[in-house]
Amino acid sequence: MTAPFRFPRFFVTNPSPCPYLPGKSERKVFTELNGDNAAELNDALGRIGFRRSQNVAYRPSCADCSACVSVRVVAGEFQPNATQRKLLRRNSDLVVTACKPWSTEEQYTLLQRYLQARHPGGGMTEMDEMDFADMVEQTPVDSYIVEYREATMDGRPGKLVGACLTDRQGDGLSMIYSFFDTELAERPGLGNYIIMDHILRAAKAGLPYVYLGYWVDGSQRMQYKVRYRPLEKLSRTGWVRFDPDEQVEAVREVPQRDEPPLPVELVGMFRK
């Protein structure tokens, strides 16, 4: 006989300043992912807007704000536009490998360079190699480090230019955190390419969705997520598609710089 499923216990964090909207405070509800049913619980919670950090699933639970909205791309219907097709062609020579969730010194070095270039002074810049290993390796679900490397003539692993910690859920891929080389002038848009590569790979694998985390209405830093269509958002009545006019207007506000921003929801959640 299998052990009976135990309903998870949920907890709420104390309010703290919101990292996205000035003058707002944030609060999270969270539960622990452990035991034989951790993957099933993570899948179920992911469908109602939870995200994973190590062995914790969490979502915003703010008293006076609902700006954080879970979004996911419908992978099978994604049609890249002209700019996106050009970006895919430019990076089609990269060698992409889904690796087991083991951290490496090479990954950590790339992460630190990324953080120093894009998020100097941010909380994650204080991560040491043990913190990074915990972030990658402490996972109770089906996780990968997807590596993006330059091709070589001799078959040896080429230069690591990007990586993404990714969960494979029952209904799609959940992009937990991505980072990349910001100094490659010949490869602008690497962050956007990594997202599109996940969308195309999910579609090829027959997985319906790619989860991008939270879109924050009113936060310029989070607008990049509306570049991908069709896009669904989680509402009070379930998942619904973005209104086309709303998405067009949001796309106009997307920053031109290629910067999938630091997911502040991770900061502090993996530190002991």
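**View 1. R51 and its neighbours.** R51 touches V56, A57, Y58, S174, M175, I176, Y211, L212, G213 and Y214, leaving aside residues up to four places away in sequence; touching, or contact, means heavy atoms within 4.5 Å. What you're looking at is a predicted model, where local features need pLDDT of at least 70, side-chain atom pairs count only at pLDDT 80 or more, and totals for chains, interfaces and linings use all residues. Residues are numbered from 1 along each chain as its sequence is written, and side-chain values use heavy atoms, with hydrogens and water left out. R51 sits in strand β5 (residues 51–53); strands (E, at least two residues) and helices (H or I, at least four) are DSSP runs, numbered from the N terminus. With a relative accessible area of 7%, R51 is buried (buried is under 20%, exposed is over 50%, partly exposed is in between; 1.4 Å probe, protein chains only).

**View 2**

**View 3. Strand β11 and its two partners.** Nine of the nine residues of β11 (residues 172–180) are buried, so the rest of the structure largely encloses this strand. On one pairing, eight bridges join β11 to the antiparallel β10 (residues 160–169); strands pair if DSSP finds at least two bridges between them. G172 is the bridge partner of Q169, and β10 and β11 form a hairpin with two residues between them. On the other pairing, three bridges link β11 to β12 (residues 209–216), and these two run parallel. Here L173 stands opposite V210. To get from β11 to β12 the chain goes through helix α5 (residues 190–204), a right-handed β-α-β crossover: with the strands pointing away from the viewer, the path from the first strand over the helix to the second runs clockwise.

**View 4. The whole sheet.** Eight strands make an open sheet with mixed pairing, in the order β8-β9-β10-β11-β12-β7-β13-β14. β8 (95–99) and β14 (238–241) are at the edges with a single partner strand each, so one side of each has no neighbour in the sheet. From one strand to the next, the twist averages 35 degrees. Seven bridges connect β7 (residues 68–74) to β12, running antiparallel, and V74 stands opposite Y209 in β12.

**View 5. Helix α5 on the sheet.** α5 packs on the sheet and touches β7, β8, β9 (143–149), β10, β11 and β12, with its direction making about 160 degrees with that of β11. Axes are lines fitted to C-alpha atoms, for helices over the stretch in contact, and angles run from 0 to 180 degrees between N-to-C directions. Eleven of the 15 residues of α5 are buried, leaving the helix mostly covered; among them are L190, Y193, D197 and A202. From first C-alpha to last, α5 reaches 21 Å, close to the 21 Å expected at 1.5 Å a residue (1.5 Å times one less than its number of residues). After α5 comes G206, with a positive phi near 80 degrees.
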